[in-house]
Amino acid sequence: MPTEQNWVPQSVDVSVPSAARFYDYLLGGAHNFAVDRQLGDRVEQVMPHVRSVARVNRAFLGRAVRFMVDEGVRQFLDIGSGIPTVGNVHEVVQELDPECRVMYVDRDPVAVAHSELILAGNDRAGVLQADLRDPDSILNSAEVRRLLDFDQPIGLLMLFMLHWVPAEAEPWSLSSLLKRYRDAMPSGSYLAITHYADDHGDELITAAVERVNQQGGDQACPRSRDEIAAFFGDFVLVGPGLVRYAEWRTSGPGDISSDPGVNRLAYAGVARKP
């Protein structure tokens with residue numbers, strides 16, 4: 001594991017856990033500290049399959065962006081990206097085609113600071129600190145416009161992101177917010193979403209969500225399948241449609257587990273702009 005002196009930005013308080021580094025720990029990454037691992041271990045005591053939750057989401061990411069590359073997409077906008085490590089977008093797509101370009105966006109300064117170090121020297125990948133709820137700060141930013149060509153198809157990723165946004169996200173409603181992003185994408189673009197479900201029937205997951213919300217800060221907002229499907233607007237869902245996230249275009253038993261308790265947690269889908 002890298003030493004703190006080698007990779008941690010000086011501005012980061014390493015005594016405070018970070019959600020982005022916590023997620024990195026669940027994925028088996030190297031960009032986390034003892035305080036993040038302690039938090040992960042405590043959460044795992046309450047929700048034993050939490051590591052599988054993170055890994056199933058990451059496995060979907062890999063399948064989704066490979067599909068987009070196969071469909072001719074060579075540029076990607078990942079909003080709510082966290083720390084881009086352990087099989088994240090730039091690693092997957094640039095292995096398939098080194099010309100692929102990736103812009104990560106996150107509002108967390110910890111995730112952005114670590115991302116800048118991880119991506120140093122990669123002139124086809126960048127990171128922007130911005131909030132999903134301020135689309136103009138993302139879509140019109142110099143960094144995004146330098147890296148991405150909005151006259152060519154873009155793969156837009158919002159994975160495990162939208163359930164942190166309430167229905168009325170000032171100054172936008174969430175439905176209007178998603179329309180703003182969809183409208184900015186050129187024809188042939190794709191939108192990928194994973195989102196917590198509110199119909200999973202798992203009391204342990206329900207209790208875990210309630211516990212997170214009781215801590216203050218961001219509030220998780222699980223939604224129904226129909227509510228999540230509406231986020232795709234007039235984009236056309238590709239097969240198999242909006243399904244449980246371990247079931248989207250799996251190729252066989254070698255894919256990450258479809259354990260029923262984990263798989264009920266979230267929906268996943270990819271849709272194309274006509």
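Q: Why is Ala20 called buried?
A: In this predicted model, Ala20 has a relative accessibility of 10%, and because buried means under 20% relative accessible area, Ala20 counts as buried. Ala20 is found in helix H2, and, leaving aside neighbours within four places in sequence, it is in contact with Gly82, Ile83, Asp108 and Ala111. Its C-alpha atom is separated by 9.2 Å from that of His31, 11 residues apart along the chain.

Q: What makes helix H2 largely enclosed by the rest of the structure?
A: Buried residues account for 6 of the 8 in H2, so the helix is largely enclosed by the rest of the structure. The buried residues are Ala20, Arg21, Phe22, Asp24, Tyr25 and Leu26. After H2 comes Gly28, with a positive phi near 85°.

Q: How do you know that Ser81 is buried or exposed?
A: The relative accessible area of Ser81 is 8%, and the label buried requires a value under 20%, so Ser81 is buried. Ser81 sits in the loop between S1 and H5, and, not counting residues up to four places away in sequence, it touches Asn88, Tyr104, Val105 and Asp106.

Q: What makes a space in this structure count as a cavity, and which residues line the largest cavity?
A: The label applies to a set of grid points where a 1.4 Å probe fits but cannot get out, and the structure holds 1 cavity of 30 Å³ or more. The largest cavity has a volume of about 40 Å³. Its lining consists of Ala20, Tyr23, Asp24, Leu27, Arg58, Ser81, Gly82, Ile83 and Thr85, and helix H2 (residues 19-26) provides the largest share of that lining, 3 residues.

Q: How do the residues of that lining divide into nonpolar, polar and charged?
A: The lining of the largest cavity has 4 nonpolar, 3 polar and 2 charged residues. Tyr counts as nonpolar and Gly as polar, whereas Asp and Arg count as charged.

Q: Which residues is Met68 in contact with, beyond its neighbours within four places in sequence?
A: Contact means heavy atoms within 4.5 Å, and by that criterion Met68 is in contact with Val73, Phe76, Gly155, Leu157, Tyr190, Ala192 and Val270, once neighbours within four places in sequence are left aside.

Q: Which residues of helix H5 are buried, and what covers them?
A: Val89, His90, Val92, Val93 and Gln94 are the buried residues of H5 (residues 89-96). Their cover includes helix H4 (50-70), strand S1 (75-79), strand S2 (101-106), strand S3 (125-129) and strand S4 (155-159).

Key
Residues numbered from 1 in each chain as written. Predicted model: local features only at pLDDT ≥ 70, side-chain atom pairs only at ≥ 80, totals over all residues. Heavy atoms only, no water. 1 Å grid on protein atoms, 1.4 Å probe; cavity = no way out; pocket = protein on both sides within 12 Å on 5 of 7 lines; lining within 4 Å. Points joined across faces, edges and corners; volume = space filled by probe spheres on them. Helix = DSSP H or I, 4+ residues; strand = E, 2+ residues; numbered from the N terminus. Buried < 20%, exposed > 50% of the residue type's maximum accessible area, 1.4 Å probe, protein only.
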